[in-house]
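Dear colleague,

I am handing over the structure below for your review. My findings follow directly after it.

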Amino acid sequence: MEVSGSHYGDYHRLPDYEEEDSPPEDEKELLVHVTEGLKDSWHHIKNLDNFFTKIYHFHQKNGFACMMLSDVFELVQFLFVVTFTTFLLCCVEYDVLFANRPVNHTRHGGGALPERNKVTLPDAILPTPQCAQRIRSSGWIIFLLVMAATFWVYRLVKVLCSLLGYWEIRTFYTKALKIPSDELCNCSWQEVQARLISLQREQPMCVHKRELSELDIHHRVLRFKNYLVAMVNKALLPVRFRLPLLGEAIFLTQGLKYNLELLFFWGPGSLFQGKWSLQPQYKRAGARLELARRLGRGMVLLGLANLLLCPFILVWQVLYAFFSYTEVLKREPGSLGARRWSLFGRLYLRHFNELDHELQARLSRGYKPASKYMNSFASPLLALLARNVCFFAGSLLAVLIALTVYDEDVLTVQHILTAITLLGVIVTIARSFIPDEHLVWCPEQLLQCVLAHIHYMPDHWQGNAHKAETREELAQLFQYKAVFILEELLSPIVTPFLLIFALRAKALDIIDFFRNFSVEVVGVGDICSFAQLDIRNHGNPQWLSQGRTEASVYQQAENGKTELSLVHFAITNPRWQPPPESSLFIGHLKEKVQQDAAHAPPAQRLLAEAPLGASFLSDEGPCTVPEALLASVLAHPVLAAGSGGLASQAERSRFGQPGSAAGAAASILASLSCSQLPRRGENAVYQSDSTLPGDSVAPPETRPGPLSRSVLLSEFASAEMSLHAIYMHELHHQQQQQHQTSPRSPSQPLAQAASPRPSSHVRSQDLILGGWEEEEEEESQAQQQQQQQQREKS
């Protein structure tokens, strides 16, 4: 990994945007100052990262009682799994339970005769002395029980310490923030955050800053998660593999993520010290090779530790999966065929400085559109086979069910219940491959609906939504639940080898990444520089940052991550004052929207078409106002390109182009800035006067009341960000098309040509899911560049 630009070769301090001096070197210990004063006074908090994170989790987990019961039940669950598994292994006589040998029943007359009566559960359970003898005679079971008991005691101590911390946070909420426990559920995080900022002025929790901003709080809560998001964005983590017969696959599990966090952030030999400061040796470029060797040794040791613990972790994973999913599989066999956002997808799709509840809400909104898109692909051959399998298996199942209805003694036949269960599972799985006969084939519109909520997609998905390759790449982000369970079960086996071999090969790149993309912010500590939302240092010229960024290709975030994250943070935190370069970008975005809105259909017409257009894309009932705003944009390209009286021929030729969605989004966004309802915040991106649209958008009966206002504000903010995502992706696609169709003159070089070609690490960005292109496209571009050079020479 080579750094483009000499000024970016070393770690550096980023001054605060407020007028405040940096603390002297000998005063840094004030960051770990112990809490002073009374118990109800919070001055100079020792660890603000931990404190703000607890405040956030306390709010999201609904207070002290829920958090306490959650930890207690976690201990009880572990104890139950260990105890119940030991009981099943040592205290049950399975020959008696399966009726493989007769049971001696004692009659009232005193005689004991072997009889083949029905076996009861007490007959199969061994007496307590015999059960204890079996446990003592097995060394492996005793060893596992000792390890389980040691881990449980360790967890018990942690839970007791956590309970004290929960009570302290509860006191902080009630006394400092003035939020009683019974009102916590009715209080949004934005309100809690505003009270934290106000409290800093009265009782300085952070000693080095007079005022806290929303970005400061997010930096402390999401310090390490921002690093992981940036590492995934720059394709630094080795989680992508090409498997025989299966093709390309992504492997990132909870176990692997835990090991990465242990290795980089908070483990005994991690890169950070004090959990908010990068160790000094990692800030100097001269020691990079030695540090890479040290990090590689740490990866090997951690991998070997995982290899030694593999049998125990694997046993626990299997037992936990068995107790968690067996009943669900019996009750709903199709539940394993449902989809969920993968762990890699959550990191790939996450904005910088996006909190957990914001990400979860956004991905939950995109669940149904993504499911519809994935289900719209059907293989005719597979559907034909599934119909026949469903017919034969269903016929056998129908006969067995009819026999059991006629005479329940059929259930006593050996393995009859097993056959009924397996046939039911086969029928359910087969039906999942049969497409809905009423399904409408519109992949481009469905993928646009998905983009509206997930906000990110690779460039080569545009216009290729009908291809199976696009569906397979989305499946890496939106995986089957069965695949998730299988990956978690394989994680104890695969993770050690990834740490020892795949990750160790990236040790030098990781060292350079933490040095090059870490900055020190006054009063906050060392953070990922991408999380500063700095357009000048990390903007991408192809995402409306032309002329406002000085970043080389290595420094640019992929897929417009910096630009989209900046817009998202400004919308969700309207009172936040961005730095000058980011303010210029937002101002340029406003001007661009107003220009495109002038050449787009009026917002009133788009909103009038929204209910009809939404029927093409949704089978649900009437939309709410925020959903109508989004549906009006998503449906407009469908209506404009369609036939009939919905649009005139001139309008279809004007707005039926690929950029029509951008014009529609610009029209709606421009109308939001002209609304007449009360002010939402001081720095909303477009809604400078309001968040809610005026009379032209929301009819009088849908205007918000005092109780639903905060919910509606959140919904409108989500809809506004979805419109921005569509608009910015459309503009990015138009700019790419212009670069491909118009020849580049020597006086107008591309932005990427301003910096030297990055090393092999940056060339790895040309893979899938990172704003990359396929190999065939790379070859064609290379040929075009050679031809262009020959023409320039001639």
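**Surroundings of R294**

R294 touches Q281 and Y282, leaving aside residues up to four places away in sequence; a contact here means heavy atoms within 4.5 Å. R294 belongs to helix α11 (residues 288-331), where helices are DSSP runs of H or I with at least four residues, strands are DSSP runs of E with at least two, and both are numbered from the N terminus. At 38% relative accessibility, R294 counts as partly exposed; the classes are buried under 20% relative accessible area, exposed over 50% and partly exposed in between, with a 1.4 Å probe and protein chains only. The C-alpha atoms of R294 and G269 are separated by 9.5 Å, and these two residues lie 25 residues apart along the chain.

**Basis of the model**

Please note that this is a predicted model, in which local features need pLDDT of at least 70 and side-chain atom pairs count only at pLDDT 80 or more, whereas totals for chains, interfaces and linings use all residues. Residues are numbered from 1 along each chain as its sequence is written, and side-chain values use heavy atoms, with hydrogens and water left out.

**The chain as a whole**

The chain contains 30 helices and eleven strands. Of its 794 residues, 47% are buried. Among contacts with a separation of 6 or more, 73% are between residues 24 or more positions apart.

Two packed helices are described by the angle between their axes and the distance between the axes. Here the axes are lines fitted to C-alpha atoms, for helices over the stretch in contact, and angles run from 0 to 180 degrees between N-to-C directions.

Helix α6 (residues 139-176) packs with α7 at an angle of about 75°, and their axes are 12 Å apart. That makes α6 roughly perpendicular to α7; angles of 65 to 115 degrees count as roughly perpendicular, those under 35 as roughly parallel, those over 145 as roughly antiparallel and the rest as oblique. In this contact, F172, Y173 and A176 of α6 meet W189, V192, L196 and L199 of α7. By class, the residues are seven nonpolar, no polar and no charged; Ala, Val, Leu, Ile, Met, Phe, Trp, Tyr, Cys and Pro count as nonpolar, Asp, Glu, Lys and Arg as charged, and the others, Gly among them, as polar.

The axes of α7 (residues 189-202) and α8 (residues 214-221) come within 10 Å and cross at roughly 105°. Helices α7 and α8 are therefore roughly perpendicular to each other. W189, Q193, L196 and I197 in α7 meet E214, I217 and H218 in α8. This contact has four nonpolar, two polar and one charged residues.

**Helix α16**

In α16, the buried residues are I416, I420, L423, G424, V425, V427 and A430, and they pack against α15 (380-406).

V519 stands opposite I527 in β11. Three residues separate the strands of this hairpin, and G523 in the turn has a positive phi of about 80°.

Most residues other than glycine have a negative phi. L245, in the loop between β4 (240-243) and β5 (247-250), has a positive phi near 70°. L245 is exposed, with a relative accessible area of 92%. N559 has a positive phi near 60° and is buried, with a relative accessible area of 5%.

Yours sincerely

How values were computed
Two strands pair if DSSP finds at least two bridges between them.
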